[in-house]
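This report describes the fold, the confidence and the surface patches of the protein chain shown below.

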Amino acid sequence: MIFPPSKLDMTLETDSAIPLSKNLHSSAFKRWGRKYPFIRYGLPLISLTVLGWIGLSHLVQGSKEVTKEKDDLEWDIIETTKALTRTGPTMGYNPKKTSLEEELKALQEKVDINSYEYKKIPRPNVGK
């Protein structure tokens, strides 16, 4: 049985420089965009988004582990200083119990707002 020549046969005869398998493959891929736009555009977008999310989660997890190790090291240092002293950690930091009224009185003793002197501030030379 003899079949009439199709469009595919005619394009293959005219493009003799392009191999047969390459011509079929590229035209089939071009049809994907028209026929299945999700496969050509949506799938790569979603896969890049998911892979980027996974990569960023690994980076963030690494930084979280580093900060956790630093905190653990600081707690170990605190525990060793507690173990070395009988009364607890060394008394390196003892905050004073101060009130706002005491701070205001100390500031008023330092600065006298009733005796002041006028001083002229030089203007910048805009015209020169």
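## Nonpolar surface patch

Helix α3 gives the most to the nonpolar patch, contributing eight residues. The patch covers about 1,000 Å² and is made by W32, Y36, F38, I39, L43, I46, V50, L51, W53 and I54. Patches consist of residues with over 30% relative accessible area and no salt bridge, where like charges are joined within 9 Å and nonpolar side chains (Val, Leu, Ile, Met, Phe, Trp, Tyr) within 5 Å. A salt bridge is a side-chain nitrogen of Lys or Arg within 4 Å of a carboxyl oxygen of Asp or Glu.

I54 lies in helix α3 and is partly exposed, with a relative accessible area of 34%. Buried denotes under 20% relative accessible area, exposed over 50%, and partly exposed in between (1.4 Å probe, protein chains only).

## Basis of the model

The model is predicted: local features need pLDDT of at least 70 and side-chain atom pairs count only at pLDDT 80 or more, while totals for chains, interfaces and linings use all residues. Residues are numbered from 1 along each chain as its sequence is written, and side-chain values use heavy atoms, with hydrogens and water left out.

The mean pLDDT (the predictor's confidence in each residue, from 0 to 100) of the protein chain is 77, and 67% of its residues reach 70 or more. Confidence is lowest in helix α1 (residues 7-14), at a mean of 52, and highest in helix α4 (residues 100-110), at 91. Where pLDDT is low, the predicted coordinates should not be read in detail.

## Fold and surface

The protein chain has four helices and zero strands, in the pattern α-α-α-α along the sequence. Helices (H or I, at least four residues) and strands (E, at least two) are DSSP runs, numbered from the N terminus.

Of the 128 residues in the protein chain, 3% are buried. The accessible surface (Shrake-Rupley method, 1.4 Å probe) comes to about 13,300 Å², of which 63% belongs to carbon and sulfur atoms.

## Charged patches

K30, R31, R34, K35 and R40 form a patch of positive charge on the surface. Helix α2 (residues 20-35) gives the most to this positive patch, with four residues. R40 lies in helix α3 and is partly exposed, at a relative accessible area of 31%.

A negative surface patch is formed by E65, E69, D71, D72, E74, D76 and E79. E79 belongs to helix α3 (residues 37-84) and is partly exposed, with a relative accessible area of 43%.

How values were computed: Lys, Arg positive; Asp, Glu negative; His and termini not counted. Charge placed at Lys NZ, Arg CZ, Asp CG, Glu CD.
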